[in-house]
Amino acid sequence: MKSLLLLFTLSLLCTEISGSCPENFVRFANSCYYFITSRLTWFDADQYCTSLVPKSYNCHLAAIESSAEQDFLKNHILNNSELRSHSFLTSGNNLDSKKGWSWSATNRRFTYANWGPSEPSSGKCVQMHKDDSFRWRSLDCEDEPKMFVCEYEI
Ligand SMILES: [Ca+2]
């Protein structure tokens, strides 16, 4: 009985640990997000996200796959004075024209989209843009370095 109780306590503890976000990340549903205010190009930004949670390989540029997720990210940006006047790269891209618009983080095609007016235009990478209330704009993936948001799925 004692060992059963111990096992139960341990399993609760493990659930707690695996279910929490790393320091400085913010949580929504089963994901943790980190807004990076240093600037990198799209390819370097994704590499940077991967390095944020060592040994997990589960942290990438964000994949925004629902209106609830979009709203959470948008509200988090708007509520933060350091973030609200900036735009952020996501993992959305059209680098494989056969596949079309998809998220490199999850390898899934867009099932939800929140493009700004007249978007997508030119460019194959997706940014949440401050001038379109954080709806999406396409931009050249090799454009000048930008701020970005990482997502870690737990
Ligand atoms: Ca996501």
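Tutor: Helices (H or I, at least four residues) and strands (E, at least two) are runs assigned by DSSP and numbered from the N terminus. The structure is a predicted model, in which local features need pLDDT of at least 70 and side-chain atom pairs count only at pLDDT 80 or more, while totals for chains, interfaces and linings use all residues. Residues are numbered from 1 along each chain as its sequence is written.

Student: Where does asparagine 94 lie?

Tutor: Two residues are in contact if their C-beta atoms, placed from the backbone, lie within 7 Å. Leaving aside neighbours within four places in sequence, asparagine 94 is in contact with Gly100, Trp101 and Lys124. As for its own position, asparagine 94 is found in the loop between E4 and E5.

Student: Is asparagine 94 buried or exposed, or something in between?

Tutor: A residue is buried if 20 or more other C-beta atoms lie within 10 Å of its own, exposed if 12 or fewer, and partly exposed in between, with C-beta atoms placed from the backbone. Because asparagine 94 has 17 other C-beta atoms within 10 Å, the class that applies is partly exposed.

Student: In what order do the elements of the protein run?

Tutor: The protein contains three helices and nine strands. Read from the N terminus on, the order is α-β-β-α-β-α-β-β-β-β-β-β.

Student: What share of the contacts with a separation of 6 or more joins residues 24 or more positions apart?

Tutor: Among the 154 residues of the protein, 26% count as buried. For contacts with a separation of 6 or more, the share from residues 24 or more positions apart is 60%.

Student: Which residues touch the most other members of the largest nonpolar core?

Tutor: A nonpolar core is a set of buried Ala, Val, Leu, Ile, Met, Phe, Trp, Tyr and Cys residues joined through C-beta atoms within 7 Å. In soluble globular proteins, nonpolar side chains tend to be buried together. Of the 28 residues in the largest core here, those touching the most other members are Tyr33, Leu61, Ala62, Leu89, Phe148, Val149 and Cys150.

Student: Which residues of H2 are exposed?

Tutor: In H2, Trp42, Ala45, Asp46 and Cys49 are buried. They lie on the same side of H2 because they cover an arc of only 100° around the axis, the arc being that of the directions from the helix axis to the C-beta atoms. What covers these buried residues includes E2, E3, E4, E7 and E9. On the other side of H2, the exposed residues are Asp44, Gln47 and Ser51.

Student: Which residue of E9 stands opposite histidine 60?

Tutor: Two strands pair if DSSP finds at least two bridges between them. Seven bridges join the antiparallel strands E2 and E9, and three bridges join E3 to E9, also in the antiparallel sense. The E9 residue opposite histidine 60 is glutamate 151.

Student: Which residue of E8 stands opposite cysteine 125?

Tutor: In E7, Cys125 and Gln127 are buried on one side and Val126 and Met128 on the other, so that both faces are covered. E4 and E7 pair antiparallel over three bridges, with asparagine 93 opposite cysteine 125. E7 also pairs antiparallel with E8 over four bridges. In E8, the residue opposite cysteine 125 is leucine 139.

Student: What is the phi of asparagine 107 near?

Tutor: Asparagine 107 sits in the loop between strand E5 (102-103) and E6. With 10 other C-beta atoms within 10 Å, asparagine 107 is exposed. Its phi is positive, although the residue is other than glycine, and is near 70°.

Student: What is the omega of the cis peptide bond at proline 120?

Tutor: Proline 120 is placed in the loop between strand E6 (108-109) and E7. Serine 118 also lies in the loop between E6 and E7, and its 8 C-beta neighbours inside 10 Å make serine 118 exposed. The cis bond joins glutamate 119 and proline 120, and its omega is about -5°.
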